[in-house]
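Please read it alongside the sequence and the coordinates.

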Amino acid sequence: MKRTIVSLAWCQAAAGQEAMLEQRLGALLQCVRADATCLGCELERQGQDWQLRGHWVSLQALEAHLQLPHMQVLGQLVSDGLVRRLQMSLTPVISRSSGG
């Protein structure tokens with residue numbers, strides 16, 4: 001069995017900041033996808049809410065990625081007034097290896 005980590009960043013846009021938030025999250029998404037330890041990353045929007053979901057090879061890989069300069073964007077979104085709420089979570093996922 002293979003164990004991966006799913007990260008989820010959920011944020012709610014401040015009133016009138018939806019377009020700017022979408023632009024900044026889109027740029028962040030491209031940086032996350034460029035990381036070789038990221039197995040995939042999606043950005044979903046529903047109204048004023050966004051979810052950035054990443055799939056990682058390991059917790060250590062995610063922790064290392066979170067230290068990269070571009071990941072400071074999440075905190076900046078709050079301090080710049082683009083986000084009303086921000087929540088982050090991690091979930092370990094165990095999947096059966098294919099074959100056998």
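Glu-22 counts as partly exposed because its relative accessibility is 37%, where partly exposed denotes the range between buried (under 20% relative accessible area) and exposed (over 50%), computed with a 1.4 Å probe and protein chains only. The model is a predicted one, in which local features need pLDDT of at least 70 and side-chain atom pairs count only at pLDDT 80 or more, while totals for chains, interfaces and linings use all residues. Residues are numbered from 1 along each chain as its sequence is written, and side-chain values use heavy atoms, with hydrogens and water left out.

**Salt bridges**

Side chains of opposite charge can pair when their charged atoms come close. With a salt bridge taken as a side-chain nitrogen of Lys or Arg within 4 Å of a carboxyl oxygen of Asp or Glu, the count comes to two. In one of them, the side chains of Glu-22 and Arg-45 meet with an N to O distance of 3.4 Å. Arg-45 belongs to strand S2 (residues 38-46) and Glu-22 to helix H1 (residues 18-33), so this pair ties together parts that are 23 residues apart in sequence. Helices (H or I, at least four residues) and strands (E, at least two) are here DSSP runs, numbered from the N terminus.

A salt bridge also joins Asp-80 and Arg-24, whose closest N and O atoms are 3.1 Å apart. Asp-80 sits in the loop between helix H3 (73-79) and S4, whereas Arg-24 is in helix H1, so the pair ties together parts that are 56 residues apart in sequence. The table lists the relative accessible area of each partner.

| Residue | Relative accessible area | Class |
|---|---|---|
| Glu-22 | 37% | partly exposed |
| Arg-45 | 41% | partly exposed |
| Asp-80 | 47% | partly exposed |
| Arg-24 | 22% | partly exposed |

**Overall fold**

The secondary structure of the protein comes to three helices and four strands, and from the N terminus on these elements run β-α-β-β-α-α-β. Taken along the principal axes, the C-alpha atoms fill a box of roughly 55 × 25 × 20 Å. Of the 100 residues, 31% count as buried. With a contact meaning heavy atoms within 4.5 Å, 70% of the contacts between residues at least 6 apart in sequence join residues at least 24 apart. The protein exposes about 6100 Å², of which carbon and sulfur atoms supply 52%; accessible areas come from the Shrake-Rupley method with a 1.4 Å probe, and for residues only the protein chains shown count as cover.

Strand S1 (residues 2-13) is mostly covered, with nine of its twelve residues buried. Eight bridges join S1 to strand S3 (residues 49-56), and the two run antiparallel; strands are said to pair if DSSP finds at least two bridges between them. Within this pairing, Cys-11 stands opposite Trp-50 in S3. Thr-4, which also lies in strand S1, counts as buried because its relative accessibility is 12%. Beyond residues up to four places away in sequence, Thr-4 touches Leu-39, Trp-56, Val-57, Thr-91, Pro-92 and Val-93.

In helix H2 (residues 59-66), the residues Ala-61, Leu-62 and His-65 are buried. Seen down the axis of H2, its buried residues fall within an arc of 95°, so they line one face of the helix; the arc is that of the directions from the helix axis to the C-beta atoms.

**Two further residues and a surface patch**

Leu-77 lies in helix H3 and, at 2% relative accessibility, counts as buried. Leaving aside residues up to four places away in sequence, Leu-77 touches Leu-21, Arg-24, Leu-25, Leu-82 and Val-83. Glu-42, by contrast, is partly exposed, with a relative accessible area of 29%, and has its place in strand S2. With the same exclusion of residues up to four places away, Glu-42 touches Leu-29, Arg-33, Gln-51, Leu-52, Arg-53 and His-55.

Val-78, Leu-86 and Met-88 make a nonpolar surface patch of about 250 Å². Patches are made of residues with over 30% relative accessible area and no salt bridge, with like charges joined within 9 Å and nonpolar side chains (Val, Leu, Ile, Met, Phe, Trp, Tyr) within 5 Å. Leu-86 lies in strand S4 (residues 83-95) and, at 31% relative accessibility, counts as partly exposed.
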